[in-house]
Amino acid sequence: MARKMLKDGEVAVADEGSYDYDLFVIGAGSGGVRGSRTSAGFGAKVAICELPFHPISSEWLGGHGGTCVIRGCVPKKILVYGASFRGEFEDSKQFGWEISGDINYNWKKLLENKTQEIVRLNGVYKRILGNSGVTMIEGAGSIVDAHTVEVTQPDGSKQRHTTKHILIATGSRATRVNIPGKELAITSDEALSLEELPKRAVILGGGYIAVEFASIWRGLGAEVDLFYRKELPLRGFDDEMRTIVASNLEGRGIRLHPGTNLTELSKTADGIKVVTDKGDELIADVVLFATGRAPNSNRLNLEAVGVEVDQVGSIKVDEYSRTSVPNIWAVGDVTNRINLTPVALMEATCFSKTVFGGQPIKPDYKDVPCAVFCIPPLSVVGLSEQEALAEAKNDILVYTSSFNPMKNSISKRQEKSVMKLVVDAETDKVLGAAMSGPDAAEIMQGIAVALKAGATKATFDSTVGIHPSAAEEFVTMRTLTRRVSPASKPKTNL
Amino acid sequence: MATTAALPFSCSTTLQTLTRNLYPRHPLLIPRRRLHHLRSLAAVPTRPRLRRPVSASAAPNGSSSTSEYDYDLFTIGAGSGGVRASRFASTLFGARAAVCEMPFATISADDLGGVGGTCVLRGCVPKKLLVYASKFSHEFEESNGFGWTYETEPKHDWSTLIANKNTELQRLVGIYKNILNNAGVDLIEGRGKVVDPHTVSVDGKLYTAKNILIAVGGRPSMPDIPGIEHVIDSDAALDLPSKPEKIAIVGGGYIALEFAGIFNGLKSEVHVFIRQPKVLRGFDEEVRDFIAEQMSLRGITFHTEESPQAITKSNDGLLSLKTNKETVGGFSHIMFATGRKPNTKNLGLEEVGVKMDNKGAIVVDEYSRTSVDSIWAVGDVTDRINLTPVALMEGGAFAKTAFGDEPTKPDHSAVPAAVFSQPPIGQVGLTEEQAIEEYGDVDVYISNFRPLRATLSGLPDRVLMKLIVCATTNKVVGVHMCGDDAPEIIQGIAIAVKAGLTKQDFDATVGVHPTSAEEFVTMRSPTRKVRREAAAEVESKDEVVSKQ
């Protein structure tokens, strides 16, 4: 290790020994853990601070693993799995299965098993850090000066640590909208750990968190009302795919309220009374605000050292994740670039290579795939048709396939899978791919590899299908659905 | 693309793609006749497509001002390859096409078949439907860990499943017939036989054709051992009247494993007998071990290195299987999945001089042409890679070659494939063994993990993923996966492998989180580096692990 550091030059210069650490990381979520681990791998002396573990985050509670492991991707996906079984039971009937008597759902058991898995992963993360030689410090980190971090421990005691570099990876947290009675609502943190499963759930928001919880609760048997401001959920995604998702959510029994906001919540004997801006009222056991997330940059004392933040509080960084203070860096949701776990991992790896590996490298945000785990899921990579048109110089070729998945031919579920490829008419490059339907997220990963490498439609066509699969549609789209010219643009009125 | 620009029409977008697909960038390869042909193709949209029905009696005189034959193409067999070839020949290239097929039956015979062929009637489709049906029992088990409980255990009603499956098959046969009809292809029911290089007889009626395409597929074959008459094949296994209580499946190939999974999931007691020490000969060795273990954990009993010798039926109607090692009794059913053979008997091939190999497969050149110039063959009857999408590719390439003036070889490299066992397998490219053989220096990346779903369900399900990289070029030459969703996951990966992408391309791709598939883009360090040369040097570096 030491030998490698001496080779590194940058790390081993004059001030070696004058700081406690080469790197001090604030926040042990996806980005922070990756950043410290890989930096330690390059020979850096690293410490990381994180708040005590708790499923619901606050100013003083967090935990190793961060949002992804404790309050995001992992527990969410577990609940989605749990909720998906309802559809399976329904589908199984026409395949000859009979379940006589009641099907019961034990929410406590799922919750218990989920918590157990999260605690296990929390331990795994700590072990990873320990094995990498990273010093773990429990408490809330804040910045004293460009080379000093102060950690306030749960008992109130404070410690100061000096460091050559600081990496801020404190993530983000759910926000609430400011309406009367907002304290009656919960955010996704609480929604993942509710004591009781709601029978009547109201969700405000049209983003991926909103539609995922709508699917989870509906799948577990609740009546779900989903309110959002736009005409369609999932702003930013391909309009055609948004339409499909909306109709699939409805098909699974979720009541959609487009173009509708909530104006007031109040407590009644029967539950929470919800008033909409259209004057409608309904009663719910749970009201979820899935109205956005804000970077956790408040309590870091950033102003004092001159780290710039934007108007929503996200830390401004350059392409290498460096803040306005040269030895302070930031990765992940706190920088509000693309707020996804694998992106935070990429940013952190690039940071380590840049600062400690002697190989400056920028994270590449092109063709980042992502998935929305509503039921059925949506997954996309590259450009939407609208984005492609906005950026295009050439005509755009759109190939779509809307089909009844083979399983539905027996189950009689009325739900189409939809796939879409957006292709540059001149270069034949596939600019974007999207799918709504079972296994979309798993299918999209390989498509993402092809897209990232600049695959053409001809390459897709030359690939032999895997039969019978849903994914084979992506390599058998022979007929053009439409050709759109960037000049004409119009297309949809969504 | 000068060739496209030269085309005198640009009316509909469909035609634009059509021409784009037909004439890719190989101007130097365009044969001389091309120009003439382009002109005639260009005329196609302006005249009504070939929808006029050409009956056997009308054919000799009909339209024949341009041709001395009844048809430009006569196809024997309306399975995947035959339907694709005749449809493309007709719609894309204006050929006058007919296809003959035997009457529909779920179980094939010398004179029974059905439009759609093996894939639709006795293969991919019904198999996958039964896989779906059988997979639910695993899902019921999984659901317990997610908090679901049932007052009574879920029960399965066999007849509902088989009835619904058959309704679906009938529907698909109808769709296939429509496809042919809409494509202007004449469908003739009956058994086709080659009479001479330009004549086919269908149950005695003669049809002449410029080209004949043989796409009659394959069918299950069984060894000739005592008691074989008590045994069922995969055709029958897909259409059993009742659930087998206890079934022996003889064979270690993909069909055997798929049916083992199906019957196991539908709660039969399943025993698999294989001659080899391992299942799935030809697959990656690690995958072979992994799938056998996972299937065993789900309750299937494997009897390895056992060859079947005889079947006996006892008075109570139950069957016993005698092998070289033991006799196991009490079976309600014994299924043989011991291979398939081409349907080349009684087709008149020998008489017209179409060459076949020792297994009866028609020998074809790279363009699917047989030893007789006007006779071609695609699909399982040629025993190349016996998969539906490959037959489609061969059928499409044949149509281009014979009628599009665009000689096209089907490309049999990097063809992905799936086994719908439970858990399923997906693969593309080379096995580790093949890669070492071909490239010598190979890096192998392996991930063997317990998926998130299993950590909650508490079941012993695992996932195996494997990337095989050529160490000198860094190209990913093989990808293998066994675990949930493997076939769906491998499809996209197959595009990357087909495009010749490198490990760096995989690494540069951001993961979709949380999925199983993301493992394929987050495999950072090789599990082993296999080096052919300089074994001594390799061993001196301790991070390098040479194989064995």
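The legends below describe close-up views of a predicted model. Local features rest on pLDDT of at least 70 and side-chain atom pairs on pLDDT 80 or more, while totals for chains, interfaces and linings use all residues. Residues are numbered from 1 along each chain as its sequence is written, chains are lettered from A in the order in which they are written, and side-chain values use heavy atoms, with hydrogens and water left out.

**View 1. The annotated binding site of chain A.** An unreviewed UniProt entry places the feature "binding site" at Gly205(A), Gly206(A), Gly207(A), Tyr208(A), Ile209(A), Ala210(A), Val211(A), Glu212(A) and Gly292(A); such annotations may be inferred rather than shown by experiment. These positions are spread over 88 residues of sequence, yet they cluster in space, with a largest C-alpha distance of 13.8 Å.

**View 2. Ile209(A) and Val211(A) in helix α7.** Ile209(A) lies in helix α7 of chain A, residues 208-219, and Val211(A) is found in helix α7 as well (helices are DSSP runs of H or I with at least four residues, strands runs of E with at least two, numbered from the N terminus). Ile209(A) counts as buried because its relative accessibility is 17%, and Val211(A) counts as buried at 0% (buried means under 20% relative accessible area, with a 1.4 Å probe and protein chains only). Leaving aside residues up to four places away in sequence, Ile209(A) touches Ser188(A), Ala290(A) and Arg293(A), whereas the contacts of Val211(A) include Leu226(A), Leu249(A) and Cys374(A) (contact means heavy atoms within 4.5 Å).

View 3. His271(B) is found in strand β11 of chain B, residues 269-273, and at 9% relative accessibility it counts as buried. The charged end of Lys246(B) sits over the ring of Phe331(B), 5.0 Å from its centre (the criterion is NZ of Lys or CZ of Arg within 6 Å of the ring centre and within 35 degrees of the ring normal).

**View 4. Aromatic pairs.** Over all chains the count comes to 22 aromatic pairs (rings of Phe, Tyr and Trp, the last by its six-membered ring, pair if their centres lie within 6.5 Å; planes under 30 degrees apart count as stacked, over 60 as edge-to-face and the rest as tilted). Phe398(B) and Phe403(B) have ring centres 6.0 Å apart and planes at 90°, so this pair is edge-to-face; Phe398(B) and Phe403(B) are both buried. Ring pairs also link residues of chains A and B into a cluster, including Phe89(A), Trp97(A), Tyr132(B) and Trp148(B).

Key
Buried means under 20% relative accessible area, exposed over 50%, partly exposed in between (1.4 Å probe, protein chains only).
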